[in-house]
Amino acid sequence: MAAVPTKQEAEDDDYSLLPLVHDIIKCMDKDSQDVHQELNKLKNRIQEAREQITAMPGIDKSPEEQQQQLRTLREQVRTKNQLLQKYKSLCMFDIPKA
């Protein structure tokens, strides 16, 4: 069963600028007065994207620091998986099979 995306999730994923650029071009083709309104929409969308980028975790770290953190986290996952397999092999847990 597929989950219905919330409004926030839809907004978070929708940073395509092409629809706005298309609307601007259509307004220009029609010599419409809505061009300024569409340009403001594009400007606001770009500003929102900039704000989200600056709020991303780890954006303040260098690529080398990010790679080091990734290696550390992968090693932690590997260690935890090994421990999990070790505990499973001890047969202390009665794991029902689905």
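Tutor: We may, and please keep in mind that this is a predicted model. Glu75 has a relative accessible area of 40%. Buried means under 20% and exposed means over 50%, so Glu75 falls between these limits and counts as partly exposed.

Student: With which residue does Glu75 form a salt bridge?

Tutor: Side chains of opposite charge can pair when their charged atoms come close. In this pair the closest N and O atoms are 3.2 Å apart, and a salt bridge requires a distance within 4 Å. The partner of Glu75 is Arg78.

Student: How far along helix 4 are Arg78 and Glu75 separated?

Tutor: Helix 4 comprises residues 63-89. Arg78, itself partly exposed with a relative accessible area of 44%, is three residues from Glu75 in that helix. The separation of the two is therefore about one helical turn.

Student: What percentage of the residues of the protein chain count as buried?

Tutor: A residue counts as buried when its relative accessible area is under 20%. The chain has 98 residues, and its accessible surface comes to about 9,200 Å², of which 57% belongs to carbon and sulfur atoms. The share of residues that count as buried is 6%.

Student: What span should helix 3 have, and how far apart are its end C-alpha atoms?

Tutor: Helix 3 has 20 residues, namely residues 35-54. The expected span is 1.5 Å times one less than the number of residues, so helix 3 should span 28 Å. This agrees with the distance between its end C-alpha atoms, which is 29 Å.

Student: Why do the buried residues of helix 3 line one face of the helix?

Tutor: The residues concerned are Val35, Glu38 and Leu42, which are buried in helix 3. Seen down the axis of helix 3, its buried residues fall within an arc of 75°, so they line one face.

Student: Which element do the buried residues of helix 3 pack against?

Tutor: The face of helix 3 turned away from its buried side carries the exposed residues His36, Lys43 and Thr54. On the buried side, the residues of helix 3 pack against helix 2 (18-29).

Student: Is Glu38 buried or exposed?

Tutor: Glu38 is placed in helix 3. Leaving aside its neighbours within four places in sequence, Glu38 is in contact with Leu20, Asp23, Ile24 and Cys27. Its relative accessibility is 10%; since the limit is under 20%, Glu38 counts as buried.

Student: What is the distance between the closest N and O atoms in the salt bridge of Glu38 with Lys41?

Tutor: Glu38 and Lys41 are three residues apart in helix 3, and therefore separated by about one helical turn. Lys41 is partly exposed, with a relative accessible area of 39%. The closest N and O atoms of this salt bridge are 3.4 Å apart.

Student: Which residue forms a salt bridge with Lys26?

Tutor: Lys26 is partly exposed at 39% relative accessible area, and Asp23 is partly exposed at 25%. The two are three residues apart in helix 2, which means a separation of about one helical turn. Their closest N and O atoms are 3.9 Å apart, and the residue that forms a salt bridge with Lys26 is Asp23.

Student: Which residues form a nonpolar patch on the surface?

Tutor: A patch is made of residues with over 30% relative accessible area. Leu17, in the loop between helix 1 (7-13) and helix 2, has 31% and is partly exposed. With about 210 Å² of accessible area together, the residues of the patch are Leu17, Val21 and Ile25.

Student: Which residues does Tyr15 touch, not counting residues up to four places away in sequence?

Tutor: Tyr15 lies in the loop between helix 1 and helix 2, where it is partly exposed with a relative accessible area of 25%. Tyr15 and Ile46 are 31 residues apart in sequence, and 8.3 Å apart in space from C-alpha to C-alpha. The residues that Tyr15 touches are Arg45, Glu48, Ala49 and Gln52.

Key. Residues are numbered from 1 along each chain as its sequence is written. This is a predicted model: local features need pLDDT of at least 70, side-chain atom pairs count only at pLDDT 80 or more; totals for chains, interfaces and linings use all residues. Side-chain values use heavy atoms; hydrogens and water are left out. Helices (H or I, at least four residues) and strands (E, at least two) are DSSP runs, numbered from the N terminus. Buried means under 20% relative accessible area, exposed over 50%, partly exposed in between (1.4 Å probe, protein chains only). The arc is that of the directions from the helix axis to the C-beta atoms. Contact means heavy atoms within 4.5 Å. Patches are made of residues with over 30% relative accessible area and no salt bridge: like charges are joined within 9 Å, nonpolar side chains (Val, Leu, Ile, Met, Phe, Trp, Tyr) within 5 Å. Accessible areas come from the Shrake-Rupley method with a 1.4 Å probe; for residues, only the protein chains shown count as cover. A salt bridge is a side-chain nitrogen of Lys or Arg within 4 Å of a carboxyl oxygen of Asp or Glu.
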